[in-house]
Amino acid sequence: MNKLLQYSSITSKVVMALAGLFLVTFLGVHLGINLLLLKDDGGRSFSAAAEFMGTNPLIRIFEIVLFAGFLIHIVAGFLVSGKNRASRPAGYQVGNRTETSFLSKYMLHSGIIVMLFLSLHFSDYYFIKIGLVAPPEGIDAHDFYAMTVHLFSSTWYALFYMSSFVLLGFHLNHAIQSAFQTMGWNHTRYMSAVKMAGTIYSVVISLGFMVIPLYFLLFR
Ligand code: HEM
């Protein structure tokens, strides 16, 4: 029974790590497309990229995989965190303590906030696109550029998005090194390079996304 529990715990961690690394890649692509919003062409380049993403059949399939990835990552995250909590009183090695409590405490918290951000983000764009939520008055349900201008004309909303990106950065920073450790890709020779690369990636993602609401707030 103990072996079975241990096995399912490792499986959850591996599944969470793999789904997480997939989401990390998605974020890079999403940011790349979103940065087109900053091009001073009235949203033409961004809308062309969004139109391609919205109509290409391969990307449609990718969307299903992406949603499954989010769901799997979130469910596995809760499972791992629950198991970490449950195993806490049973006295584990001292060296493990900081890692375990960090993961179950702050990763879960920042993860939940990113999840809340995502629910709101979906109602800002995706749910409007598929007709679940009405678009803002006078805006076409497929005009993501106009929706973005409208969204970030609110200072509070722009600030909310920006603070979510700070937490996303912290979540990513720990998540990337943790995923490498889980997968056993933690050879001492290159682990510090992995940590450094993960931190640089997280900062680029976090600041890159933050620039968008800031730009619309200040210049549009
Ligand atoms: C300023 C920042 C952001 C902007 C302007 C933005 C904009 C958009 C837009 C316009 C879409 C609709 C695409 C479509 O449905 O075809 C979208 C979808 C999505 N966004 Fe964002 N996004 C931002 C940040 C983020 C972040 C930080 C995450 C993840 C933590 C995220 C996750 C998603 C997901 C999962 C979708 C659905 C993907 C799909 O439709 O295939 N976004 N976003």
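Modeller: Alanine 141 counts as partly exposed, because it has 16 C-beta neighbours inside 10 Å, where a buried residue would need 20 or more. Keep in mind that this is a predicted model. Alanine 141 sits in the loop that links H5 to H6. Setting aside neighbours within four places in sequence, alanine 141 is in contact with Ile128, Lys129, Gly131 and Pro135. Take one of those partners, lysine 129. Lysine 129 and alanine 141 are twelve residues apart in sequence, and their C-alpha atoms are 5.4 Å apart in space. Lysine 129 also falls within helix H5, which spans 126-129.

Next, the elements on either side of that loop. Helix H5 (126-129) and helix H6 (144-151) each give at least two residues to the shell around the ligand. So do helix H1 (2-34), helix H2 (44-55), helix H3 (57-87), helix H4 (94-124), H7 and H8. The shell holds 21 residues, and those that come nearest to the ligand are Gly54, Glu63, Tyr125, Phe144 and Ile212. By class, the shell splits into 14 nonpolar, five polar and two charged residues.

Step back to the whole chain. The protein has eight helices and zero strands. Along the sequence the pattern reads α-α-α-α-α-α-α-α. Of its 220 residues, 21% count as buried. Contacts with a separation of 6 or more are 69% between residues 24 or more positions apart.

Helix H7 (residues 155-182) packs against helix H8 (residues 188-219) at an angle of about 170°, with the axes 8 Å apart. H7 and H8 are therefore roughly antiparallel to each other. Their contact is made of 19 nonpolar residues, eight polar and one charged.

H7 leads on to the largest nonpolar core. That core has 23 residues, and Met16, Leu172, Ile176 and Ala179 touch the most other members. H1, H2, H3, H7 and H8 each supply at least two residues of this core. H7 gives the largest share, eight residues. In soluble globular proteins, nonpolar side chains tend to be buried together.

Take leucine 172 from that set. Beyond neighbours within four places in sequence, leucine 172 is in contact with Val24, Ser202 and Ile205. Valine 24 counts as partly exposed, because 17 C-beta neighbours lie inside 10 Å. With neighbours within four places again left out, valine 24 is in contact with Leu172 and Ile176. Valine 24 and isoleucine 205 are 181 residues apart along the chain, with 9.3 Å between their C-alpha atoms.

Note on methods
Residues numbered from 1 in each chain as written. Predicted model: local features only at pLDDT ≥ 70, side-chain atom pairs only at ≥ 80, totals over all residues. Axes fitted to C-alpha atoms, helices over the stretch in contact; angles between N-to-C directions. Helix = DSSP H or I, 4+ residues; strand = E, 2+ residues; numbered from the N terminus. Parallel < 35°, antiparallel > 145°, perpendicular 65-115°, else oblique. Nonpolar A, V, L, I, M, F, W, Y, C, P; charged D, E, K, R; others polar. Near = placed C-beta within 6 Å. Core = buried A, V, L, I, M, F, W, Y, C linked by C-beta atoms within 7 Å. Buried ≥ 20, exposed ≤ 12 C-beta atoms within 10 Å, placed from the backbone. Contact = placed C-beta atoms within 7 Å.
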